[in-house]
Structures are given as C-alpha cells and as structure tokens.
Amino acid sequence: MDDLVGLAVIVILVVVAGAICGLIALVQLNGLKQEVAVLRAKVTHLQTHKPISQSEPQSEASTAQAAISITEPIAHKAQPSSTSQNASPPLINQPSAPPKKAKPATASATELLFNKLRAGFEENWMTWIGAIALAFGGIFLAKYSLEAGLLSPVMRLSLGGLFGLGLIAAAAYLHHKRIVFEGFNNYIPAALASGGFITCFALTLLAYSSYGMLSPTVAFFALAIIAISASAMALRLGPLLAVLGIIGAYSVPIWVSTGSGNLFALFMYVGFVSLSAALVAHKVQRAWLWYLLWAGHIGWYLVGFTLLKINTVWLMGAFALLSIIGLIAIPRLGLKLNVIEHRPHSLKRLLKVLPDHALLLAFIAPLIFTMLISHFDMQWQTIGVLSIVLVLFLVLKNSRWDIWQGVALVISTLLVIGAQRTHLSPNLFDDALFIFKNEYGLGLLLGLLLTAFGLYYGKKQIKRLAFHITGAFSVFVMIATLYTLIPNSALSTAYPLWAVVLFVVAAILIKLAQHNTTLFQRFTYWIGANANITLAITMLLSDSGLTIALAVQVLLISVLIKRYSVPMPHWPIKALVAALLLRLTLSPWTPSYDALTVFGLHWSIVVYPLCIALFFAAAKCFDSSKLKIWLEGAALHCLALFITTETSYQLVGHYPQFDSLNFYEQILLTCNWLALGCVYLHRAKLAGTLAKLYQVAGFALVGLAGLFAIKTLLDDNPLFESLYIGELPIFNWLLLLWLVPAGLTLWLAKLVKPINAKATPFILAVAGGFILLAINSFIRQYWQGPYIYLSKGASNAELYSYSVIWLVMGAGTVIFGHLKNQLLIQKIGLGLLAAVIVKVFLIDMANLEGLLKALSFIGLGLSLVGLSWLFQKLRSRVNPV
C-alpha cells in the first residue's frame, strides 16, 4: 500500500510538472505569435509608406528577425541584456510617432537567478524528470526483487548499487567525451549522476532501516561518503548536482541516528560537511549554494543546543567561534586571514554588510541567550570573553565590520547581567571589596579594556569613527549597567570608585578632544565626556535625577552640534528624546515615584518644568530644521503631562486614576486636554511634515475632553446632583466646568475651520451650549450658594435676574452683530431676546397681580421700544442713505 501511495505521489508530481511546463510553453508560444503579428504589421506599414527599393530590404530583414525570434531558444530570451525584449513595439495606429528609446533592464540579481533557473528547467525538464524516474526505478526494482524473493538481499542490493554506480560512471564518461560545454549547462551527465547518487543513497537507507544489514556507524559513514562524493562530482558537472550533495550530506544525521547524543561527533561531521560544501560553493561560484551551506550548518548548530549538557558548554562555544572564522572570516579575509582593509566607511554602508551581520548574530545570539538562562560559570565566562576577543580581532582585520564593536559591548553587558543573576547573594555586599569581585569587577574591567581598545586604535586610525565611539562610551555603558544592578543600600560603597573612574575617563576624553582630532572625533569625545559626568552626577540624585541628566544631555548635544557645525544625523537625538518622553509619560503611574521628592518638592513640580525648559532651549540650537519641531513637540508633550498630572495631584493627592475619577478631576482633565488639543492643532500649522501627527494628537485630546464633558453633563451635573461648587461668585468650579471650555471650544472652531469647515457650526453650537450653561449656573450660584441642584427651587428674584441678564446679553449680542455687520450674530441676539420675552410672559409675570403686573408690562414694553429705536439708529449708521 505504501508503494502504491509513493508511486501515485511520483506520478502526480510528474503530471503537475508537465502541466506547468506545458502552460509555460503555451504562454510563450502565444507571446511569440503576438510578436510575429506585430512584426508583420510593421513590415506592412513600412511597405506602404516607403519606396519599394527601401522597403524590400527592410522587409527581408524584419522577416529574418522574426524568424530568428521564433527559433531563438527560450533561455536566450530570458537574458535581460537582450534589447529586443526590453523595447516596446511601436503602435500601429500612430505611424508618425518617433520610436522610443529602450530603457536598460534593471532586474535584480534574484530575478536574474530565477529567470536563469526557469529557463534551464524549461529547456531540460524532460531530462530531469527522466533522471528522477531512473532513480525511483532503481529503488523500486531493488525493493520488488527483495519482496518477490528472486535474489538474495545482498545480491539485490548489490545489483541496485551497481545500477546507481553505472549511472554515475555513464555520467562521468559522457562528460569526459564532451570536450566543449558552456558553463555548467551540461545537463544530461548531471541528470544521470543525480539519479545514480539518489539510487545509492536510497539503497543504503533501505539496507540500514528496512533490512538491518548495516550498523548505524557503517550506514552513517556510507551515506556521508555518497553525499560528499556527489558534492565533489559537482565540481565537474555543475551546481545542480552540488545541491543534491549538500542537502544529502546535511540530512544524513536525520536518516541515521545512533541514539548516543554525541554532540562532539555531530559537530565534527557537520564541520567536515560544511568544509566540503564551502570548497564546492567556492569552486562552482553560485551564491545559492552558500545559502544551502549556511542553512544546514546553522540548523545543526541550533539542534546542538537541545543536546547541551554541563560538560559540553565549551564545545558549543568552540563550534560557534570556529564557525564564525570558517563561514565569515575566511571567505572575506582568505585562508591566512591576511586580506586586511582599513579604509573608513559610512554608517549606512556599515549597516548593509550582508550576510556577515546576519551570520554573526545567528551564531552569537543563541549562545548568549543560552548563557543568560543557564547557570553562569567559568565556562560561559570564558566563552563570552573569547567571543569579545574574536569580534574585536575581526574588526581590526576589516573596517567593514566596525559596527561589531557594538556587538562586543552588548556581549560585555550581557556577561555582567548573567553573572549578577547567578551570583546574587545577600551577603555579597558585606565585604567592602565587592566592587572588585564577580559581576562588579568583571563589568569595570571590561569597560576599561574596551575604552583602552577604542582610544588606542582610534588614535592610529583617526577616520574610523567606531573606535572613537567605543572609547568614549564603553565605561559609561558598563558602569550604567552596574548602577542599575546594584541595590541602593550598597551604592554608597561603590559610588566613590565609579565616580572617580567616570571623571578620569571624562578628563581624558576632553583632553583628547583638544588636540589634532577630526570634527567627528572631537564631537564624540565631548559627548562621551558629558555622558560620564552626567552619570556620575545622576548617581547622587534620586530616580528622577537620571531623567534630568538625560534631558541635560540632549541640550549639551544640541549645543555642541551648533557650536562645531557637526552634520550629525538626527535619529540618535530623536531616539534619546523618545526614550525620555516614554520615561516621563510612565513615571507618574510608577509606584516608586509616588512619594519621590526633588529638593524637598514633589518630583513632578521640578522635573516636568525643567525638561520643558531644556527641550525648548535645545530647539533654539536648530534654526530651520525638522529637529527643532521635534524638540518643541517634546516640550509640548511635557507640558501636557505636567498639566494633566500635577493639577490632579494637587487636587486629590495622587495622579489621575482614569477608572475612578471624581467630579473635580473630570473638570480639570476636560479643561487641560481641550486646551492642549487646541495647542497641538495650532502647532500643526507650523509643524511641516509633522503636521499630520500634531493633528491626530490634537483631535485625540479634544475627543477625550469631549467624553469627559459628556460624562459630567449626564452623570455628574451639579444642576441635577448635590455637588459642592464653591462659595465665591464666578470664581468657583463652574468657571472651569463650563465657561473655560466655552472659550476653548470657540478657539477650536477657529482652528478646525481650515481643516473641515462643515464641522465648524457644530463646534460653535457646542460652545453656545457651554456659554448658556455657564451664565445660568453663575446666576443660580449667586442666589443658591455652593449647591445649585434644581430640586431646591428658585425665588422670584432669581427668576427676574435671569430675564434681566439675558435681556442685556441679547441686546448686547444684537448690537455687536450690527457693529461687526454679522447677520448670524444678530440672529443669535434676536433669538435670545425672543426667548427672554417668552420667559417673561410665561414664567415671570404668571404670578404677578395688580400694580406689579402693570408695571412689569410697562417696563417690558419700554425696554422693547428702546431696543427697537437703538437698532434703527445702529442700522442707519451702518447703512446711511
């Protein structure tokens, strides 16, 4: 049953491959037909528009060209250098149009490789399918003869082996006889050889797994010899056979496993196979063979971590380091590592050194990760140090690997973290010399060594900026790492030594920056010195001290850039500012900051205003730069955080908890976010490319403010609930509840009008609603006191005051509308007057009798007559006859 399934799979594969090839041939045939039709139309066009003496030779040439195009092999048509394929045919209905010049092909290397492989398959697919059929034929013949009992197992397998060897011998003979062949396109010998090697490979597996005729060790070596022989023969027959050899060699441990878990034997075999495959790939000169080699080698390297034991740690480290030398260093530097390059490279070019960076990370990252999750001991410590030494040695050999100095610094940092996690002991800090032991001594030593390395080679090769960066920041990074690891109780012991080291290194950097250095070196040393001094000061301060120190660093960098006119990229400053903003944003809701004080004041009162000032000062250093807008935006963000957090803290004693806000916090957040939203929208007018970001932030804040305003209106409205709003008239919570949002909403309408004019009337209506609520609430608070809920009722004096005040407000609105010649404002004023009149008749005069009722109507009538006369007077001034 398994044989039938396997045979069916093979038949399906063959049918699918044939269908694909037929479809490709059909598409190309249709393309050729269209080309012939275009050429015929062109010949006809030339014959009808040119003299016969000229058209006949051109017609013959066109016909000949058409014949050549028809009979031209498909592989040649796939070549991008063919100008006939790149040029667009002229339009038949536009004979007067001048012919367009063909654009040069810009196909990538991957497309060229794919086109070449596709062309080779299209020409030789029958050959390869025949080779696969031969291989499976040999396999099935051997298996059938065994099951039918025709011959003894040894004889049957031997005959199958002879069949495979015969195919290989035939391939070698055909290749030898064919004296002239182009490149590696001699497909028939390669196809026969691949069939022979597959047959031998499969028969060996059958002898081992199905029949038990071979021991695991014998089968392992036999399969390895077959795979390596295929790779060796690929040197003569081409890269496609090399694929078979490489895949087969790397897959041998999958097919044959002794079950011993011998990591040393596995790595010895993989190393030998990788060496053989590297020789084949170097000889054949095909990039994709290197990809297979890397995939197989790294794959077994990662499998090795599953077999890792305490006594094989050194083996993993040695294999990783030797792999770096064999797969990265030797191909670049030669077998003797004597191909040296010291010329400087730009950062952009250093980042694009592939596949070197990817291969280095593939070997180093799993090793360091395993070290971090394992028990840290002398083996891991030795491997980590050797990794640093190897990386720095390769940096000295080739300047294209300068960025690997950062990898060495990262490995050093992780070594310290791994040692701290393993050696963590409460009694460690009882000894005052702990700063020279374990992770603290290791971190300090690595920082000093890396600094010395960077400064020494930076002096010898001044133009290689990576050396200067390593020398300037290594001690800073390592001591900063130790500072984050050490408990506060032990910092007083370690601080004197660390501060001295930081100040000494800073003094050395300042001294070096003053003598015969390049602009970038001087700038780097100044920044490194400032960083060391800042860290030394930070360790004396509380947690917020680091935030202030980093903000000061932003200002210092900006000042140095302006002073020395350094064409420094903006992304490092943006990254530092972004990290600072993230820290400032999360700090109010970090438990360790709840009771933190700076100079006896709550930290946010000091830190936020100071950061705002530092960011604005840094922005002044960049006159017409996008970085100026970025820094000003950072200052605005700090302002938003300060207003949002500090107002709530001063009000309720803690930062806003958004799931449990009280009435007063909602009022403050509504005003704060609405004001900040308007500021962001105003800032968007000057933000250039960042305008969209400011608009999104502004509308987001306005939306949040609107949600809180709706919640206050519906759930926590002082007109409906008993809420304390203050004793003083006007200067109470109603001012922030409705009047301030009204003014901000009017500003918002002005800002939104250029963006979306249709939304402006709605925003103005919201502002009018805020004004209406504010004035009525102020009147009620004057009569009712700190509680204004409506269920308390209203006196006649309060009702009259509403009418008088709104009568004045309506009249003033109409007058203002006439003065400004704004019809909409006049209509609003008239509407207010009409509402006052309705209120007077329905409410105010409803309970009056006698003289009071008569006087009220007289007063109302006189008021209306006087207003009418005033309106006519104003109208006559605005529109004189």
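Colleague: Which helix is Thr470 found in?

Modeller: Thr470 sits in helix 18, residues 465–485. Helices here are DSSP runs (H or I, at least four residues), numbered from the N terminus. Before you go on: this is a predicted model, where local features need pLDDT of at least 70, side-chain atom pairs count only at pLDDT 80 or more, and totals for chains, interfaces and linings use all residues. Residues are numbered from 1 along each chain as its sequence is written, and side-chain values use heavy atoms, with hydrogens and water left out.

Colleague: Fine. Is Thr470 buried or exposed?

Modeller: Thr470 is buried, at 9% relative accessible area. Buried means under 20%, exposed over 50%, and partly exposed in between, with a 1.4 Å probe and protein chains only.

Colleague: What does Thr470 touch?

Modeller: Leaving out residues up to four places away in sequence, Thr470 touches Gln405, Leu450, Thr451 and Gly454; contact means heavy atoms within 4.5 Å. A polar atom of the Thr470 side chain also lies 3.0 Å from the backbone oxygen of Ala466.

Colleague: Now the rings. What's the count of aromatic pairs?

Modeller: The count is 19. Rings of Phe, Tyr and Trp (its six-membered ring) pair if their centres lie within 6.5 Å; planes under 30 degrees apart are stacked, over 60 edge-to-face, and the rest tilted. Trp673 and Phe708 make a tilted pair, 5.5 Å centre to centre with 50 degrees between the planes.

Colleague: Which parts does that pair tie together?

Modeller: Trp673 is in helix 25 (residues 663–684) and Phe708 in helix 26 (residues 691–714), so the pair ties together parts 35 residues apart in sequence. Trp673 is buried at 9%, and Phe708 is buried at 13%.

Colleague: Why is the Tyr782 and Trp783 pair called edge-to-face?

Modeller: Because their planes are at 90 degrees, with the ring centres 5.3 Å apart. Tyr782 is exposed at 57%, while Trp783 is partly exposed at 39%.

Colleague: Which residues do ring pairs link into a cluster?

Modeller: Phe267, Tyr301, Phe305, Phe319 and Phe363.

Methods
Helix = DSSP H or I, 4+ residues; strand = E, 2+ residues; numbered from the N terminus. Polar contact = N/O pair within 3.5 Å; in protein donor to acceptor, adjacent residues only side chain to side chain.
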